[in-house]
Amino acid sequence: MSLHSQSSGRASAQAAGGPATVGLTLAKVGALVVLAALLAVPFLLYPVFLMKVLCFALFACAFNLLIGFGGLLSFGHAAFFGSAAYVTAHAVKEWGWSPELGVLLGTLAGAVLGLLFGMIAIRRQGIYFAMITLALSQMVYFLALQLPFTHGEDGIQAVPRGVLFGLFDLHNPLAMYYTVLGVFLIGFAIIWRTVHSPFGQVLKAIRENEARAISLGYRTDRYKLLAFVLSASLAGLAGGTKAIVFQLATLTDVTWQMSGEVVLMTLLGGMGTLTGPVIGAALVVTLENYLAATSLPVPVVIGCIFVACVLVFRRGIAGEIAARFGNQKQGS
Amino acid sequence: MMGTIFGIPPQALFGQLLLGLINGSFYALLSLGLAVIFGMLNVINFAHGALYMMGAFVAWLLLNQLGIGYWWALLVAPLIVGAFGVVLEKTLLSRLYKLDHLYGLLLTFGLALIVEGAFRHQYGVSGQPYPIPAELSGGRNLGFMFLPNYRGWVVVASLIVCIGTWIAIEKTKLGAYLRAATENPVLVQAFGINVPRMVTLTYAFGVALAGLAGVLAAPIYQVSPLMGSHLIIVVFAVVVIGGMGSILGAVLTGYGLGLLEGLTKVFYPEASNIVVFVIMAVVLMVKPAGLFGRER
């Protein structure tokens with residue numbers, strides 16, 4: 001049994017012909033509208049807030065690749081996000097690297113860490129996988145606390161945003177916003193492509209029934225490891241970008257609370273849906289912004305949403321919408 | 001005195017080993033509770049650390065609000081935490097048994113956030129001191145080291161509780177029902193045993209153990225809303241290393257890792273925070289099911 005059973009309907013609807021083509025063009029139009037909105041929105045809303053949403057949306061999408069399409073619940077994704085933030089911040093601030101190279105190095109750091117974690121964690125499934133990733137990420141937290149280059153409690157502050165490709169000065173909020181938007185779209189495209197590739201189909205097969213996938217001749221460990229590394233790299237991409245945007249890399253980014261937050265974003269938005277994590281991230285970031293101005297304790301509210309989602313809202317927002325209005329899916 | 005052992009003064013070595021043994025006692029008590037709960041409910045109780053903290057806070061509140069001392073707190077606090085556990089199980093957890101086990105983890109994660117956040121909101125992050133009971137103040141000289149009485153008591157008490165739980169589960173009739181229901185709840189229910197109530201009580205017992213550990217810990221560590229949040233992750237690692245298969249395994253691994261952590265503090269203090277996680281990684285590479293676990 002797996003955590004979800006959505007996202008299988010789309011392919012069958014496409015095969016059905018007539019109405020599906022209409023649906024497809026509708027989807028295209030919808031995507032264009034969303035894209036136009038994303039381009040226009042910094043003129044309406046505070047860009048820093050939007051960039052935060054985009055960074056976390058990418059982070060949540062990366063996490064969702066693993067849980068939603070691979071069925072692996074990682075409770076340690078903050079390790080990749082936070083380490084990449086540290087590496088990017090260090091490269092840009094101490095070595096004077098350009099922002100694009102800094103973010104690339106951060107992504108690479110996420111990938112390498114993902115490979116190490118993945119090799120250990122995929123040896124167990126289910127709950128154990130979650131506990132192992134959590135424990136490993138706590139190790140990263142302590143390393144970040146103790147290693148000299150992370151500067152302990154202070155973190156790396158005042159990271160220069162620099163000039164992208166030597167052309168665009170990122171201190172300009174709009175240039176920064178469009179850069180982050182570009183990074184997000186690239187990451188989202190990679191995830192979309194992965195999910196719809198043969199590789200993604202095998203991942204879903206493993207999620208639904210690993211023993212069966214093995215018996216069909218797939219070396220499931222390799223698929224899981226590759227998915228893990230890909231997810232960690234994209235989380236790293238999000239973390240590195242965040243370090244440039246906020247000019248900051250701190251311990252907050254590597255705590256288990258951060259890992260929990262990305263789980264919540266994905267759960268709230270809809271696990272196993274492509275757009276769900278984006279919606280979830282936007283909601284959670286908005287909510288936290290709002291709560292910061294009140295005296296309500298944030299963790300308690302977040303915890304209540306968690307409990308409510310698990311009890312009555314397991315499909316998440318996007319999943320719920322897909323189930324009510326979208327394509328009828330077969331079976332349950 | 002004796003000079004040094006591997007270049008370390010024996011006082012320091014034994015002092016750290018004692019600290020390790022104390023930590024190990026808490027690892028053992030907590031991983032015991034986790035293992036008991038997991039065995040019956042198939043839920044990894046993420047709220048375990050928060051409930052441990054709650055136990056300590058209940059003891060502190062009993063003392064400061066009602067003037068009820070340590071020995072009564074040792075009895076009352078676990079009961080209160082256990083009762084809270086009954087409510088949690090009845091109202092929330094019991095709705096999830098038919099779903100994937102991961103939902104249990106996510107639910108209890110949310111609960112941990114709520115409990116910790118609420119205490120943090122109410123009492124802030126700074127720790128509150130809890131006095132050592134008069135009967136256990138002071139210490140004794142063992143010749144090779146100085147042993148504070150209270151710390152000796154914690155080790156003895158946790159050993160008694162762990163061994164007692166093990167005997168209750170492995171040797172008594174009730175324990176036999178419990179083990180049977182773990183293997184096949186439907187069949188046990190058919191024999192006329194109220195399995196849902198047993199599940200509730202098992203959860204209550206597991207979290208009461210966490211509450212008890214909290215009371216034991218109160219005079220040693222400061223009573224703070226965050227005292228359980230790191231501990232629970234270490235205990236997860238302990239559980240992964242030991243394997244969930246056996247109660248005894250959970251307990252032994254708890255003590256063993258506590259001691260090992262103490263030794264690391266002596267010889268390479270920088271690594272003392274991460275040694276448990278490193279061992280976890282090594283164990284997973286060599287024996288994925290854990291030291292005492294069965295491959296399922």
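This is a predicted model: local features need pLDDT of at least 70, side-chain atom pairs count only at pLDDT 80 or more; totals for chains, interfaces and linings use all residues.
Reader: What makes 40 residues of chain A and 45 residues of chain B count as being in contact?

Author: Contact here requires heavy atoms within 4.5 Å, and by that cut-off 40 residues of chain A meet 45 residues of chain B.

Reader: How do you know how much area chain A and chain B bury between them, and on which atoms?

Author: The accessible area that the two parts lose on being put together is summed over both, and for chain A and chain B this comes to about 4000 Å², with 81% of it on carbon and sulfur atoms. On the side of chain A, I127(A), M131(A) and W256(A) supply 16% of the area buried against chain B, more than any other three residues.

Reader: Which elements of chain A give two or more residues to the side that touches chain B, and how does that side divide by residue class?

Author: The elements are α5 (99-121), α6 (126-146), α11 (256-269) and α13 (298-312), and α6(A) gives the most, with 14 residues. By class, this side of chain A has 30 nonpolar, 7 polar and 3 charged residues.

Reader: How many salt bridges and polar contacts are counted between chain A and chain B?

Author: A salt bridge needs a side-chain nitrogen of Lys or Arg within 4 Å of a carboxyl oxygen of Asp or Glu, and the count between the chains is 0. For polar contacts, where the N or O atoms must lie within 3.5 Å, the rule finds 3 residue pairs across the interface, both residues at pLDDT 80 or more.

Reader: Which residues lie nearest the centre of the second largest pocket?

Author: They are Y141(A), T255(A), W256(A), Q257(A) and S229(B), among the 44 residues that line this pocket. Its volume is about 1300 Å³, and the lining comprises 22 nonpolar, 12 polar and 10 charged residues.

Terms used
Residues are numbered from 1 along each chain as its sequence is written. Chains are lettered from A and ligands numbered from 1 in the order in which they are written. Side-chain values use heavy atoms; hydrogens and water are left out. Buried area is the accessible area (1.4 Å probe) that two parts lose on being put together, summed over both. A polar contact is a pair of N or O atoms within 3.5 Å; within protein, one must be able to donate a hydrogen and the other to accept it, and residues adjacent in sequence count only if both atoms are side-chain atoms. Helices (H or I, at least four residues) and strands (E, at least two) are DSSP runs, numbered from the N terminus. Ala, Val, Leu, Ile, Met, Phe, Trp, Tyr, Cys and Pro count as nonpolar, Asp, Glu, Lys and Arg as charged, and the others, Gly among them, as polar. On a 1 Å grid over the protein atoms alone, a cavity is a set of points where a 1.4 Å probe fits but cannot get out, and a pocket is an open set with protein on both sides within 12 Å along at least five of seven lines; lining residues have an atom within 4 Å of a point. Grid points are joined across faces, edges and corners, and a volume is the space filled by probe spheres set on the points.
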